[in-house]
Amino acid sequence: MVVHGEREVLPATTRAEAATALQEFTAAYNKADEAYDRSLDAEYTTGALADIDSARLTAGKANSPDGNARHTPLKLTDAKFTIPKKAGWPRWFLADAAGNKGGGSRWLLVFTRSGLEDTWEAAYLTLVSPDALPEFAVDEDGWAEAVPADATGLAVPPGELSAAYATYLKGGGKGAAAFAEGPHTSAWRALRTKKSTRPGLATQYIDEPMTNGDYAPLALRTEDGGALVFFTTRHFEKQTAAAGTSVPAPNKDVLALTTGEIRQTLTMEFVSNEVALNPGDDGGDGEVEILGRIQGLTAAKGE
């Protein structure tokens, strides 16, 4: 009998292989961080995490050519793996581990690959409080359920969550998705509003969804019928100084990623990856809750 992996509903991987993928990623991540050398973990990252990690290492290398004198190896323990059954590629799984960094948060890493011979790559990395993690729906063998991007029955289809979040950050509007208050929603909007009204320095924000290719959202069914969704957004922050003044000098890491000469404006580009609890659409007023978000500067331009 011939099994067609592209059509057959199968677990994305084995638990042993998932554990090996996590170990290989951690080893490569530590080597790259110690040397500030992007090439050492490029094979093990993709999507939002690759963008954030690459820019961080590039800035680190520019400012510390001899490597990271403050390097402390990342150690991930108590790893748990949530592996969905699905047909076709890419296949993916979630690793949830305790880390020696992050103040007691759980490290959530989503690994993907597009073929049996491909290396497992980490596409998403977020840190979440242990008590915020949901229970996942699993079958009798312990395999989880992947939720399609166009799935209905949720507050927001996973494929539309990135755009909904960008719209929310811009101020929402009629028909905008509801997001629960918290540090990555109402508090972040309030902080940006405060920064945009500083005397002598105007700050503008542009928020964009990222949903294609390696930035596609990935979602797991939760026990209560909702979904835990990982997704990506891009953000621009443009600072413009008043006439006769200049933009305050940025730190050395920003300067390392900046092209052009900073005179009156500085535009910074960030990539952010989020994880959200997306409740089931049961006719109530379910709000999407952003559990964690990691953002990194990826480029800047002075004018």
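In this predicted model, Thr82 stands opposite Leu94 of strand β4. The two strands that meet here, β2 and β4 (residues 91-99), pair in the antiparallel sense over five bridges. They belong to an open sheet of four strands, whose order is β2-β4-β5-β6 and whose pairing is antiparallel. Its edge strands are β2 (76-82) and β6 (121-128), each of which pairs on one side only. Neighbouring strands of this sheet are turned by 25° against each other on average, with direction ignored.

Two helices lie across strands of this sheet. Helix α1 (residues 15-35) lies across β2, β4, β5 (106-113) and β6, and runs at about 135° to β2. Helix α2 (residues 47-63) lies across β5 and β6, and its direction is at about 80° to β6.

The helix pairs can be set side by side, since two packed helices are described by the angle between their axes and the distance between the axes.

| Helix pair | Axes come within | Crossing angle |
|---|---|---|
| α1 and α2 | 9 Å | roughly 30° |
| α3 and α4 | 10 Å | roughly 45° |

Helix α1 contributes Phe25, Tyr29, Ala32, Asp33 and Ala35 to the contact, and helix α2 contributes Leu49, Asp53, Arg56, Leu57 and Lys61. By class, the contact of α1 with α2 has six nonpolar, no polar and four charged residues.

For α3 (161-169) and α4 (186-195), the axes come within 10 Å and cross at roughly 45°, and the two helices are therefore oblique to each other. On the α3 side the contact is made by Tyr165, Tyr168 and Leu169, and on the α4 side by Ser186, Trp188, Arg189 and Arg192. The residues of the contact of α3 with α4 divide into four nonpolar, one polar and two charged.

The loop between α3 and α4 holds Ala176, which counts as partly exposed because its relative accessibility is 32%. Ala176 and Ala164 are twelve residues apart along the chain, and their C-alpha atoms are separated by 6.7 Å.

The largest nonpolar core has 22 residues, of which Phe25, Leu76, Phe93, Leu109 and Phe111 touch the most other members. At least two residues of this core are supplied by each of α1, β4, β5 and β6, and the largest share, six residues, comes from α1. Leaving aside residues up to four places away in sequence, Phe25 touches Tyr44, Thr45, Leu49, Leu109, Phe111 and Ala122. A second, separate core of 18 residues includes Tyr168, Phe179, Ala276 and Val288. Tyr168 also takes part in the contact of α3 with α4.

A further open sheet has three strands in the order β1-β3-β7, with mixed pairing. Here β1 (10-11) and β7 (144-145) stand at the edges with a single partner strand each, so one side of each is left without a neighbour in the sheet. Strand β3 (residues 84-86) and β7 run parallel and are joined by two bridges. Within this pairing, Lys85 has Glu145 of β7 as its bridge partner.

Note on methods:
Residues numbered from 1 in each chain as written. Predicted model: local features only at pLDDT ≥ 70, side-chain atom pairs only at ≥ 80, totals over all residues. Heavy atoms only, no water. Pairing = 2+ DSSP bridges. Axes fitted to C-alpha atoms, helices over the stretch in contact; angles between N-to-C directions. Contact = heavy atoms within 4.5 Å. Buried < 20%, exposed > 50% of the residue type's maximum accessible area, 1.4 Å probe, protein only. Parallel < 35°, antiparallel > 145°, perpendicular 65-115°, else oblique. Nonpolar A, V, L, I, M, F, W, Y, C, P; charged D, E, K, R; others polar. Core = buried A, V, L, I, M, F, W, Y, C linked by side-chain atoms within 4.5 Å.
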